[in-house]
Amino acid sequence: MPREGPDELRYDAVFLDIDGTLLWVDLDVECYVSALSPYTTDGPLTIEKATGPVWEGLRTHIRENINYSTEDELARFRRENAAKTARSLGLDAPNDVLVEVADRYISFNPYRESEEVLNELKRTGAPLYALSNWDIALKEVLDDLGWTRFFDGLVVSAIVGAEKPDGAIFEEALRVAGVEPHRAVHVGNDPVSDVRGAARAGIDAVLIDRRGGVDAPEATVVLPDLRGLPGLVRG
Ligand SMILES: [Mg+2]
């Protein structure tokens, strides 16, 4: 929706990546080990032994979740993935235990400024959209964080059927927001899926480079964290 007069903003829609931008995903391997140690068949389960396979399970989930577009399918995929990780560690645990542990040992951790910046972005009046390569359950994660209220819509790869940097998911975000590319900005931490993807779709891209040193020549702006965003959106 175009704005006029003194309230005019630089952008009419803000697209936000989630992982690595608003929060980071962590796995509590110690929790995994203590919960599943009773089920070993292949010597003691240690943190050293479990760390690789447990993180590989998360990478498998991230790589393959786009293939599962219903809750039932996703639940089955998660069960099978958890069982595969457990098997590779010589664990013989019931499936419901594995799934319950998998729910417990993953955590979604907001960056320290995320919530304050989301509040401030809301106050600019610009609609916010999550634009994320994520499984179909992103809304539950945002609900648990109390963040659903910040977003006017969620554009999620496993629901759209396309992942950033594919132009199709950016097109879908523009459609959902009802804005032209030049009136939208996408914010993310990945030089390819976020920055190149947005730039190719004609959308300004803000790279959040928390550690420094990311090479993203197509970025409109590079910020060390989220705090510069509200000013950028106001223009
Ligand atoms: Mg990211």
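This is a predicted model: local features need pLDDT of at least 70, side-chain atom pairs count only at pLDDT 80 or more; totals for chains, interfaces and linings use all residues.
Q: How many helices and strands are in the protein chain?
A: The protein chain has 10 helices and 8 strands. Helices (H or I, at least four residues) and strands (E, at least two) are DSSP runs, numbered from the N terminus.

Q: What is the radius of gyration of the protein chain?
A: It is 20 Å, close to the 18 Å that the globule rule gives for 235 residues, so the chain is as compact as a globular protein of that length. The radius is taken over C-alpha atoms, and the rule is 2.2 Å times the number of residues to the power 0.38. Along its principal axes, the C-alpha trace spans about 70 × 35 × 30 Å.

Q: Which domains is the chain divided into?
A: Domain 1 covers 5–22 + 111–234, and domain 2 covers 26–108. These bounds come from an automatic or database domain assignment. The C-alpha centres of domain 1 and domain 2 lie 30 Å apart.

Q: How many residues does the contact take from each domain?
A: The contact takes 9 residues from domain 1 and 7 residues from domain 2. Two residues are in contact if their C-beta atoms, placed from the backbone, lie within 7 Å. On the domain 1 side, helix H6 (138–145) and helix H7 (157–160) each supply at least two residues. H7 gives the most, with 3 residues.

Q: Changing topic: what is the strand order in the sheet of 6 strands?
A: The order is E5-E4-E1-E6-E7-E8, in an open sheet with parallel pairing. Two strands pair if DSSP finds at least two bridges between them. Strand E5 (153–156) and strand E8 (221–223) stand at the edges with a single partner strand each, so one side of each is left without a neighbour in the sheet.

Q: Which strands does E4 pair with, and over how many bridges?
A: E4 (residues 128–132) is joined to E1 (residues 13–16) by 3 bridges, and E4 pairs with E5 over 4 bridges. Leucine 16 stands opposite alanine 130 in E4, while tyrosine 129 has glycine 153 in E5 as its bridge partner.

Q: Is E4 buried or exposed?
A: E4 is mostly covered, with 5 of its 5 residues buried. A residue is buried if 20 or more other C-beta atoms lie within 10 Å of its own, exposed if 12 or fewer, and partly exposed in between, with C-beta atoms placed from the backbone. Leu128, Ala130 and Ser132 point one way from E4, and Tyr129 and Leu131 the other way.

Q: And where does isoleucine 66 lie?
A: Isoleucine 66 is in the loop between helix H2 (47–64) and helix H3 (71–88). Isoleucine 66 is partly exposed, with 19 other C-beta atoms within 10 Å.

Q: What is isoleucine 66 in contact with, leaving aside its neighbours within four places in sequence?
A: Its contacts are Ser157, Ala158 and Glu163.

Q: Last one: where is the cis peptide bond?
A: The cis bond joins lysine 164 and proline 165, with omega about 15°. Proline 165 is found in the loop between H7 and helix H8 (167–177). Most peptide bonds are trans.

Methods. Residues are numbered from 1 along each chain as its sequence is written.
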